[in-house]
Amino acid sequence: IVSTIFNDTPTLEDASRFISVKYPSAAATFVGARLHYLVDRAQLMVRNAILETGRFPHLAGNPGAFYEAGLIALKIALIDENLYERGIDLVSYTDQMRKSFFGAIAQAMKTLQYYDEDGDGSIDSDEYAVRGSIPIRRY
């Protein structure tokens, strides 16, 4: 097994679909560069959160494990665009989203079945073990 390209999450299609379902009146304004910028911000949040754990995203065995974290990152990025549920306390909602995001990252890191820790392009026997992370209860 060799290191792979990390499939960034969320994808443009995921973001477009989420916005059109959740915020149909604003969906027409999220096209082209504005949608790309939004998705890039969400993808960078996921990638940087993985890097904070001391691992490299492209060496993770299952990039799909971070799908939930990608959707939460998209919701956080949409807050900056003033798209969120009305009638809520924005500060507590943002705090809840950030805790959920880091919890999803921690859970995804726990579920990885293998990780090419030394980056040599092959999975050694000691790299098959499920790696621990920050306990999910912390979030």
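User: Is E85 buried, partly exposed or exposed, and what is its relative accessibility?

Analyst: This is a predicted model, in which local features need pLDDT of at least 70 and side-chain atom pairs count only at pLDDT 80 or more, while totals for chains, interfaces and linings use all residues. Residues are numbered from 1 along each chain as its sequence is written, and side-chain values use heavy atoms, with hydrogens and water left out. Buried means under 20% relative accessible area, exposed over 50%, and partly exposed in between, computed with a 1.4 Å probe on protein chains only. On that scale E85 counts as partly exposed, at a relative accessibility of 35%.

User: Which residue forms a salt bridge with E85?

Analyst: A salt bridge is taken here as a side-chain nitrogen of Lys or Arg within 4 Å of a carboxyl oxygen of Asp or Glu. The closest N and O atoms of the pair are 2.9 Å apart, and the partner of E85 is K22.

User: How many residues apart in sequence are the parts that K22 and E85 tie together?

Analyst: Helices are DSSP runs of H or I with at least four residues, strands are runs of E with at least two, and both are numbered from the N terminus. K22 belongs to helix α1, whereas E85 sits in the loop between α3 (67-80) and α4 (90-111), so the pair ties together parts whose separation in sequence is 63 residues.

User: Where do R17 and D14 lie, and how many residues apart are they?

Analyst: R17 and D14 form a salt bridge in which the closest N and O atoms are 2.9 Å apart. R17 is partly exposed, with a relative accessible area of 48%, whereas D14 counts as buried at 11% relative accessibility. Both lie in helix α1 (residues 12-22), about one turn of the helix from each other, at a spacing of three residues.

User: Which residues is R41 in contact with, leaving aside its neighbours within four places in sequence?

Analyst: R41 forms a salt bridge with E81, with 3.4 Å between the closest N and O atoms. Since R41 lies in helix α2 (residues 32-52) and E81 in the loop between α3 and α4, the pair ties together parts that are 40 residues apart in sequence. R41 counts as buried, at 18% relative accessibility. With contact meaning heavy atoms within 4.5 Å, and with those neighbours left aside, the residues in contact with R41 are A77, D80 and E81.

User: Which residues are linked with R41 in a network of salt bridges?

Analyst: By the rule already given, the count comes to seven salt bridges. The residues linked with R41 in a network of them are R34, D80 and E81.
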